Amino acid sequence: MSEPLSYTITGFLPWSLTWLLPYLGALVLSLAYIAGFKGERLYGLVSVASILLSALISTLAAYRVFTDNAIYAKASVAWFPWLGVTFGTYIDGLGAVMALVVSWLSFLIAVYSLKYMEGDWGFPRYFIIFTFFVASMQLVVLADNLILLFIGWEGTGLASYALIGHWYTDEEDKWVGVPGRRALGKPMYFEPSHSAVRAVLFTRVGDVGLVIGIAAIYLASGTLVIPELASTATGWLAELASKGILPAILLVFTLGALAKSAQFPFHEWLVTAMTGPTPVSALIHAATMVKAGVYFMLRFAPILIAGAIALGTQAVVEGLRDYFLIVAGLGAITAFALATMALVSNELKLILAYSTASQLGYMFIAAASAGLLLGFAGMEEVASSVMAGLSHLVSHAVFKAALFLVAGWLIHVAHSRFIDRMGGYARYMKLTAISLWLAGLSLAGIPPLSGFFSKELVIHYAEEAGVSWIFFLAVVTAGLTAAYTIRMILRVMHLEPLEADSHVKAHEAPKLMLIPYLVLAIASLALGVGWSYTSGLLSKASELTIGLVEKAKLSVELTGVTGVVIALVLGSIGSVYYLYSIARVDFRDLIERNTLARYLHDFLFDRWYINSIYYIVIVGSFSYAAYAMYALDSIIDTIYHAGVPMLGALGAMALRVLHRGRTDYYLAMYAYFISLALLLLYLFWGR
Amino acid sequence: MIMDYPLLWITLIIPLIVSLIVLLVRIENVRSTAYVGGFTLLLPAFIATYYAITGALSEGVFDPLQIDMENRGLGRFMLYIDGLSAPIVIGISIVTGFVSIYSVKYMLHRIDEMSSRGEPPPSFGVYYVLYVVFSISMLGMAYSTNLAEFYIFLELSLLSSFALIAYYGYGDRRRIALLYFIWTHVAGALFLAGVLYYGFKSGTFDVIKIVEGLPAYVSPFLEKGYQIAAWLIIIGLFIKMAVFGVHMWLPYAHAEAPTPVSALLSPNLIGIAGYALARFALPLFPSVFETYQWGFVALSFITIIYGGLVALRQSDFKRFLAYSSVSQMGYMLLGIFTLTAYGIGGSMLHYLSHAVGKAVLFMVAGVFIAELHGLRAIDKMGGLARRYPLIAAVSLLGFMHLVGIPPALGMWSEILITFGLVKAVPLAGVGSVVLLSSLVIVAFGVTAAYSFVTMRRIFFGPLKQQGTGESLDDFKGSILFIAVLGVFFFIAITPFSEALRTASTVLSSLVGGG
């Protein structure tokens, strides 16, 4: 096993303020809400201030970590001593980078929200939950133990639930999907309150798995503290492997991450989560919460791999390979499947949502590839693969947040979520157009934007991992990504709207909204242009991350594969440009006339029918079961409350027959029962 | 440890005295008296928390006033709190305390309503006396160390709750009160028969004794025919707990009781049967628990899933909550029958989280009944968050307790019960992991499903009941207090951890677990 990571133990404060402050902010705001304060200013101010402070402390912490040592800020008193749970903040390289991304993005998006949510009837509630979310997300990435991590995890889920259903009165303009559209008989349009329930139930399935996994690992290791789990990894890995349950338990443990990060087959909730206000989609459903699952993988994959290397037993190595293969496979399927859906979608935020899940698939591929390298590659390769996942996480967080924030403005301008009603906005809003192009090209993977580098790294390690179909899907997805991105940008910025809305007056966004996305778009350029610096920082983070403790190699080399990918991306951009801008193919007409095209379109547009299949199979069987149980309940009710009384009545009737009021008859009965009783007594006790 | 003063007896007697005063005061002063009564009912929670902080709870705390019935063959009647009963005591205490305040507006409204229909019920004073008798008899059960003592309190709780349903209930209240009476007395009779068999054979009804100044369980009961006694007691408690198959009385009684009484019946009273299972049945009959462990675990899962699925189809809010209680009892049962310290401790904590969560939800149902003209039909609700934002928020908290989402106390019980289950199940091979995970996911998933689906049906979507917004008065404030206390105990779990661990470990060591 490589050197265990050293860390400096400090007091609980100040570093725990990273997550404690936003919690306090949320608490103060809740009390203000109960006390009846209505003013928007208070809610906005407290929220933004507590997030900004958290960001500043995170920055300071990151500076300490990078210049000195990892930090373990621990409360001196245990919280739940029975399980050895304390309040502790653990900041290593990975945690520091995550906290920076989470807190600063949250800050920018909170500022954007001030303007975006202005005058909304749920303004106070929005900022209470928003702040609560930031605290929970910081807790996820900085928790020192699994229970705290779980608490943050559930907190983000709760906030996501509440914000997806923010406009819970379900007006039609807040829906997702085309009203009235059905696939396989199931509705494909979703109200905010419906989407909220979907989100909470999908992730609940995973979270219960997470709890089971935590239990199994705790019972095998005797600890819930993450650094201790790393140092005892050899022991509990061997124990789980000896029972033949290592990959199974790890998969159950990872169910939470898969569901949270909307990986196939849990991706459905993220799509409909777009009913939430757009800044929420940007923060929770693109930049941070959905990354919690990726963070989980980046956190635990190194611990598992380092443990397996130290242990060197065949059973553990094979168990881990099985596990990582499944995770990487699910990532690849998600990346590909959701990218195909994005190709045909006609809702701006839906395109971005599909794209998010698809890109998260990339991150899962990278993290799991690290595990697939186990056995034939050194720790440096492993660390680089994990860090490729983190690189993509960071660059995606930046450009996708920018894309969503731009989308928020465009939807506002168009008064519609459908891209067919948008178009030609570039001439009214230059800076917004530039932001969209920068962030979009980063998503498409064009050098020198950051998205190019991180995606190249992911694809590189997918190749190294040696599972050809996963690698193949990763490459194909790169092409699809470029296609849907460019289609989207051309559609909303440069082409004329398909369904013109004459009274829409487009203009540039107000500063409070413009600046956040402009900053993010420029950041995505800067991170790429200065990739040597960015990668140096991430490489240093790798050295400071538990389980890795190696410098990662994050420079992108021009190999044959890189050439192919760049060619594919450029080719697909070129074809989209040709089809939409030069040939001006009328796809809507094509779908009308061509049966095959229509089938293909419907298949992709209705999300491979997966949603409908879930409703038919899972929801259907549960509602049948509920119906059957309900019927059973009526039967039980009838038996007890009609059947038993009826038997009683019949018995009474029968007994009444015996009582005829004749003395001789009673005497005979008396003699009969006395002899029966005596006989019984003799039979049982007489001998 | 033995207390310096008979504090536990005091917590039983003072509320009773206050309630008798309510009988005498004029109606304008009812509110302040109910406040005092509510406060005195909160005392046990303070006492339990105090001893938890001093650490005495780990050892167990006795009331100095003990009734010696040895010469009558009944053993000693003592009052006692330890880590196992602390969550129960706190649960009863905070729910009965705040519901006492909540009762004023609700019951005055109910009494008016019944009077205007020409069937005036007994006065508020009578209600309040019965209410307090009901409350303190539940506290007495949680304090008991002796089965005869427990039964006396049990009988008292049944009679008082029966009268409350019969006088102030909804629907066909006399029939339902009778139904409740018969069912619970069948349960009581079975339980009593088992207890008497144990008592006469062993010469005492004690389960916890003081040995050399420390509390100790009596040795397991292994006389001839002990299995009969065990089954009588277990089945009696199962009926009280409304486990699947013998749950049928619960939806009637809990749905049609006056709402403050539902808020006590549903989480508090039935859960005590689960507590008694761990406190009395397990130490007396450990071999029965071991032998039939997996059957009982199966029954727990059936109860959880069955109750949850039937709840999903209910159209009446209170009946929905009643089925949810059936389902929640499955969790308590599951925790106990893991026969591990985690599971047993988790089960007791679940009593408290369910008490908080379900009390909040029943009280919310009561708000709609009192303020929206008896509205109980879920289909007619919809969008109520727009009118009742605060009530919507506390309901969400209530549901979070049932589902186990932090910052609700329910998270701790969910985690402990799962830990216990994973420890109990011998995991070997992929099949066992898949089976266990799917069962747990389905069970917990059904709970989440009915919670969040119902949350949506009641509070979200277009608003169906027009009218003015909510005003925060003591009626709704009492709900808020219980909900906040649920979060408080989620954070302030620390002092209880050690006591709960000790008490649960003692029990699990009796059944060979850890």
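In chain B, Gly203(B) comes directly after helix H7 and has a positive phi, near 80°. Helix H7(B) covers residues 173-202; helices (H or I, at least four residues) and strands (E, at least two) are DSSP runs numbered from the N terminus. The model is a predicted one, in which local features need pLDDT of at least 70 and side-chain atom pairs count only at pLDDT 80 or more, while totals for chains, interfaces and linings use all residues. Residues are numbered from 1 along each chain as its sequence is written, and chains are lettered from A and ligands numbered from 1 in the order in which they are written.

- H7(B) has 30 residues and reaches 42 Å from its first C-alpha to its last, close to the 44 Å expected at 1.5 Å a residue; the expected span is 1.5 Å times one less than the number of residues.
- Strand S5 (residues 208-211) and strand S6 (residues 214-217) of chain B run antiparallel and are joined by 4 bridges; two strands pair if DSSP finds at least two bridges between them.
- Ile208(B) stands opposite Tyr217(B) in S6(B), and Lys209(B) has Ala216(B) as its bridge partner in S6(B).
- The hairpin of S5(B) and S6(B) has 2 residues between the strands, and Glu212(B) takes a positive phi near 50° there.

**The three-stranded sheet of chain A**

- An open sheet of 3 strands in chain A has the order S1-S2-S3, with mixed pairing.
- Strands S1 (7-10) and S3 (85-91) of chain A stand at the edges with a single partner strand each, so one side of each is left without a neighbour in the sheet.
- From one strand to the next, the twist averages 25°.
- S1(A) pairs with strand S2 (residues 70-80) of chain A in the parallel sense over 4 bridges, and Ile9(A) stands opposite Tyr72(A) in S2(A).
- S2(A) and S3(A) run antiparallel and are joined by 6 bridges, with Ala73(A) opposite Thr89(A) in S3(A).
- The hairpin formed by S2(A) and S3(A) has 4 residues between the strands, and Gly84(A) in its turn has a positive phi of about 65°.

**Helix packing in chain A**

- Helix H3 (residues 93-116) and helix H4 (residues 123-142) of chain A pack at an angle of about 170°, with their axes 9 Å apart; axes are lines fitted to C-alpha atoms, for helices over the stretch in contact, and angles run from 0 to 180 degrees between N-to-C directions.
- H3(A) and H4(A) are therefore roughly antiparallel to each other, since angles under 35 degrees count as roughly parallel, over 145 as roughly antiparallel, 65 to 115 as roughly perpendicular and the rest as oblique.
- Residues making this contact include Met98(A), Val102(A) and Ser106(A) of H3(A) and Phe130(A), Val134(A) and Met137(A) of H4(A); residues are in contact if their C-beta atoms, placed from the backbone, lie within 7 Å.
- The contact of H3(A) with H4(A) has 9 nonpolar, 5 polar and no charged residues; Ala, Val, Leu, Ile, Met, Phe, Trp, Tyr, Cys and Pro count as nonpolar, Asp, Glu, Lys and Arg as charged, and the others, Gly among them, as polar.
- The axes of helix H8 (residues 233-242) and helix H13 (residues 314-344) of chain A come within 9 Å and cross at roughly 85°, and the two helices are therefore roughly perpendicular to each other.
- Leu237(A), Ala238(A) and Ala241(A) of H8(A) meet Ala315(A), Val316(A) and Gly319(A) of H13(A) in this contact, which divides into 5 nonpolar, 1 polar and no charged residues.

**Domains of chain A**

- Chain A is divided into domain 1 (7-605) and domain 2 (612-686), with bounds that come from an automatic or database domain assignment.
- The centres of the two domains, taken over C-alpha atoms, are separated by 61 Å.
- In domain 1 of chain A, 4 residues are in contact with 4 residues of domain 2; the domain 1 side has 2 nonpolar, no polar and 2 charged residues.

**The interface of chains A and B**

- Contact between the chains involves 44 residues of chain B and 43 residues of chain A.
- On the chain B side, helices H12 (293-312), H16 (410-424), H17 (429-459) and H19 (494-510) each supply at least two residues, and H17(B) gives the most, with 14 residues.
- By class, the side of chain B that touches chain A has 29 nonpolar, 8 polar and 7 charged residues.

Definitions and conventions:
Two residues are in contact if their C-beta atoms, placed from the backbone, lie within 7 Å.
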